[in-house]
Amino acid sequence: MLPNIDFSLNAYDNEQVRLMEEMCILVDENDKKIGADSKKNCHLMKNINKGLLHRAFSVFLFNSENKLLLQQRSDDKITFPSLWTNTCCSHPLNTPLELDEDNQIGVRRAAQRKLQHELGIKFHQVPIDDFVFLTRIHYLAPSDGIWGEHEIDYVLIIRADVDLEINPNEVKAVEYFSLEELTQKFENPDWKFTPWFKLISETFLFAWWKNLGNIKKDEKIHKLGFDNL
């Protein structure tokens, strides 16, 4: 239990509060849809501790120089503010277009939508068919005493040179990194990263990066990070 904690959103940015009303897709540990609930409820640790689990995605966008685009989350974000992370991380919503599971099309549509919302990337620069689904991870990560993440996260890679127009309510900064540059940042204690990005990077990304054009899809749901809780 979390006694004497205010679960209201009064202290947070109005736009971020509005987004907390979006309806996420609830799933079981096999990624089977079992319902829907608000983004707020899905990210409250009091619900996560009861097992509430939702579907998510993480996009890794590489340019023609084989550099990965990272973003620093806005200070206004309710969960994991100001941390560096992969290109885009969010949730497919409980809508007909984003519930479609055929060839992960719903997740791909959500990725395209959020790349535009957060980074201003136009749809034609990141076509649906260019997203490559790699695998899924199941992880749990507290953000603070109130908020956290408990997700089955679809990992998507896309190769594209894009124009950026960042949304400052979502993104504080962006930067492209080579494999060597990012490895150095991970070793620098002054750089703070989201837990899911660290898990994906340490488990998969650095191996994938050297062979981006020939990565085989993995249907397994990898359970990561629970040993550290």
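Predicted model: local features only at pLDDT ≥ 70, side-chain atom pairs only at ≥ 80, totals over all residues.

Colleague: Which residues does the UniProt annotation "domain: Nudix hydrolase" cover?

Modeller: According to the unreviewed UniProt entry, that domain covers residues 52-199. In the model, the span is 22% helix and 34% strand, and its end C-alpha atoms are 20 Å apart.

Colleague: Next, the cysteines. How many disulfides does the structure hold?

Modeller: The way to read this is to look at sulfur-to-sulfur distances, with a cut-off of 2.5 Å. Here the count is 0. Take Cys-42: the closest cysteine sulfur belongs to Cys-24 and is 4.5 Å away, so the gap is too far for a bond. Cys-89 is in no disulfide either, with the sulfur of Cys-88 as its nearest, 6.3 Å away.

Colleague: And are Cys-42 and Cys-89 buried or exposed?

Modeller: Cys-42 is buried, at 0% relative accessible area. Cys-89 also counts as buried, with 13% relative accessibility.

Colleague: On to charges. How many salt bridges does a search of the whole structure find?

Modeller: With salt bridges, you check how far the side-chain nitrogen of a Lys or Arg is from a carboxyl oxygen of an Asp or Glu, and 4 Å is the limit. The search turns up 11 of them. One is Arg-55 with Glu-101, whose closest N and O atoms are 3.1 Å apart.

Colleague: Where do Arg-55 and Glu-101 lie?

Modeller: Arg-55 is in strand S3 (residues 54-62), while Glu-101 is in the loop between helix H4 (96-99) and helix H5 (105-119), so the bridge ties together parts 46 residues apart in sequence. Arg-55 is buried at 2% relative accessibility, whereas Glu-101 is partly exposed at 47%.

Colleague: What about Lys-77 and Glu-170?

Modeller: They form a salt bridge too, with 2.8 Å between the closest N and O atoms. Lys-77 comes from the loop between strands S4 (68-73) and S5 (84-85), and Glu-170 from the loop between strands S8 (148-159) and S9 (171-177), so this pair ties together parts 93 residues apart in sequence. Lys-77 counts as buried at 9% relative accessibility, and Glu-170 is buried at 1%.

Colleague: How far apart are the closest N and O atoms of Asp-100 and Arg-109?

Modeller: For that salt bridge the distance is 3.8 Å. Asp-100 is partly exposed at 31% relative accessibility, and Arg-109 is partly exposed at 28%. It's also worth checking for shared partners: Asp-31, Arg-55, Glu-101 and Arg-136 are joined into one network that way.

Colleague: Last topic, the nonpolar cores. Which residues have the most contacts inside the largest one?

Modeller: Here you look for buried nonpolar residues linked through their side chains. The largest core has 30 residues, and those with the most contacts inside it are Phe-60, Leu-68, Leu-182, Phe-197, Leu-205 and Trp-208. S3, S4, strand S7 (132-142), S8, helix H6 (179-186) and helix H7 (195-209) each give it two or more residues. H7 supplies the largest share, 8 residues.

Colleague: What is Phe-60 in contact with, leaving aside its neighbours within four places in sequence?

Modeller: Its contacts include Leu-68, Val-155, Ile-157, Phe-197 and Leu-205, and also Asn-86 and Thr-87. There is a second, separate core as well: 20 residues, among them Leu-61, Ala-110, Tyr-154 and Ala-160.

Terms used. Residues numbered from 1 in each chain as written. Heavy atoms only, no water. UniProt positions renumbered as here; feature names shortened; annotations may be inferred. Helix = DSSP H or I, 4+ residues; strand = E, 2+ residues; numbered from the N terminus. Buried < 20%, exposed > 50% of the residue type's maximum accessible area, 1.4 Å probe, protein only. Core = buried A, V, L, I, M, F, W, Y, C linked by side-chain atoms within 4.5 Å. Contact = heavy atoms within 4.5 Å.
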